[in-house]
Amino acid sequence: MTDGPLTDFELYYTKNGLVQVSNDVRRRILHELEAKNLSLTDLSKITGKAQSTLSVHLDKMISEGLITVHDDPEDSRRKVYSLVSVMLAYSKPPSDEAMTMAMKVLSEVADDPVRTRDALAKFIFLGFDGMGLSVGPMATILGSIHAMALGGILSGKNIEDTVSNARDYYKKMGFGDASIYSLNPLSVIIKDDLSFTEDSAKSLGYYATGFFSKILEDATGKAYVVVSSEVFGTDCNYFRFTLEPAAPQ
């Protein structure tokens with residue numbers, strides 16, 4: 001239980017269920033472990049916290065399923081910590097502007113069930129932004145799951161055909177028009193006719209990054225990563241992102 005509203009937290013998916021993290025030290029540990037596995041000594045140097053203090057946090061995070069600890073494959077005498085959870089969302093200031101936009105989106109189509117269905121995703125992303133929850137990380141995952149469910153049916157004879165198939169499919173979904181700015185590296189611009197807040201536009205855009213990344217992975221056998229992304233336009237209705245093959249591990 002809390003004595004008031006949660007205003008500064010991150011939400012993680014773990015094997016034990018959802019875990020809310022608001023402690024600054026634990027959030028710092030999770031962010032550092034996103035990049036690589038680290039030992040207790042490493043984390044102490046990075047955070048500036050005593051090892052005894054960190055051990056309390058690390059034990060709690062292990063019990064919650066956020067991280068795990070195991071022998072260092074390069075040095076069995078030391079232990080390293082690894083991230084085994086996935087961030088889904090994080091708090092942000094509520095936005096009256098986003099909530100007003102969300103209501104406008106839905107009220108304009110509410111008398112038409114088909115148009116309501118097509119606008120629902122945009123209403124939801126604007127609504128989350130309005131309530132003070134940034135769901136970009138979860139949107140990326142959902143976009144990837146969507147592409148995975150297609151089972152490779154958009155894979156073409158080459159990258160150009162695959163990207164063309166993905167672009168056409170994405171447009172038919174009603175999530176915005178996808179234009180291919182360049183193929184190498186792959187740079188995509190998503191345009192929508194509606195107005196958005198910057199954060200809700202990012203969430204919709206991150207859905208596209210997850211979708212296109214997984215489509216390319218299924219077609220080529222290579223993992224792809226987002227190397228840049230941005231929202232632009234006076235109505236925040238353009239989202240550009242660039243994908244490149246991930247560096248070999």
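This is a predicted model: local features need pLDDT of at least 70, side-chain atom pairs count only at pLDDT 80 or more; totals for chains, interfaces and linings use all residues.
## Two loops to look at

Start with Cys 236, in the loop that links strand S9 (224-232) to strand S10 (238-245). Its relative accessibility is 19%, so Cys 236 counts as buried. Cys 236 also has a positive phi, about 50°, although it is not a glycine.

Now move to the loop between strand S7 (177-183) and strand S8 (186-191), where you will find Pro 185. The peptide bond joining Asn 184 and Pro 185 is cis, with omega at about 0°.

## Helix H1 and its neighbours

Helix H1 covers residues 24-35, 12 residues in total. From first C-alpha to last, H1 reaches 18 Å, close to the expected 16 Å. Its N-terminal end is capped by Asn 23, which has a side-chain oxygen 2.9 Å from the backbone nitrogen of Val 25.

Val 25 is also one of the buried residues of H1, along with Arg 26, Arg 27, Ile 29, Leu 30 and Leu 33. The buried residues of H1 pack against several elements, including strand S1, helix H2 (40-47) and helix H3 (51-63).

## A patch on the surface

Strand S1 (residues 10-14) contains Tyr 13. With a relative accessibility of 47%, Tyr 13 counts as partly exposed. Together with Leu 18 and Val 86, Tyr 13 forms a nonpolar surface patch, and the three share about 300 Å² of accessible area.

Methods:
Residues are numbered from 1 along each chain as its sequence is written. Side-chain values use heavy atoms; hydrogens and water are left out. Helices (H or I, at least four residues) and strands (E, at least two) are DSSP runs, numbered from the N terminus. Buried means under 20% relative accessible area, exposed over 50%, partly exposed in between (1.4 Å probe, protein chains only). Patches are made of residues with over 30% relative accessible area and no salt bridge: like charges are joined within 9 Å, nonpolar side chains (Val, Leu, Ile, Met, Phe, Trp, Tyr) within 5 Å. Accessible areas come from the Shrake-Rupley method with a 1.4 Å probe; for residues, only the protein chains shown count as cover. A salt bridge is a side-chain nitrogen of Lys or Arg within 4 Å of a carboxyl oxygen of Asp or Glu. The expected span of a helix is 1.5 Å times one less than its number of residues. Contact means heavy atoms within 4.5 Å. A polar contact is a pair of N or O atoms within 3.5 Å; within protein, one must be able to donate a hydrogen and the other to accept it, and residues adjacent in sequence count only if both atoms are side-chain atoms.
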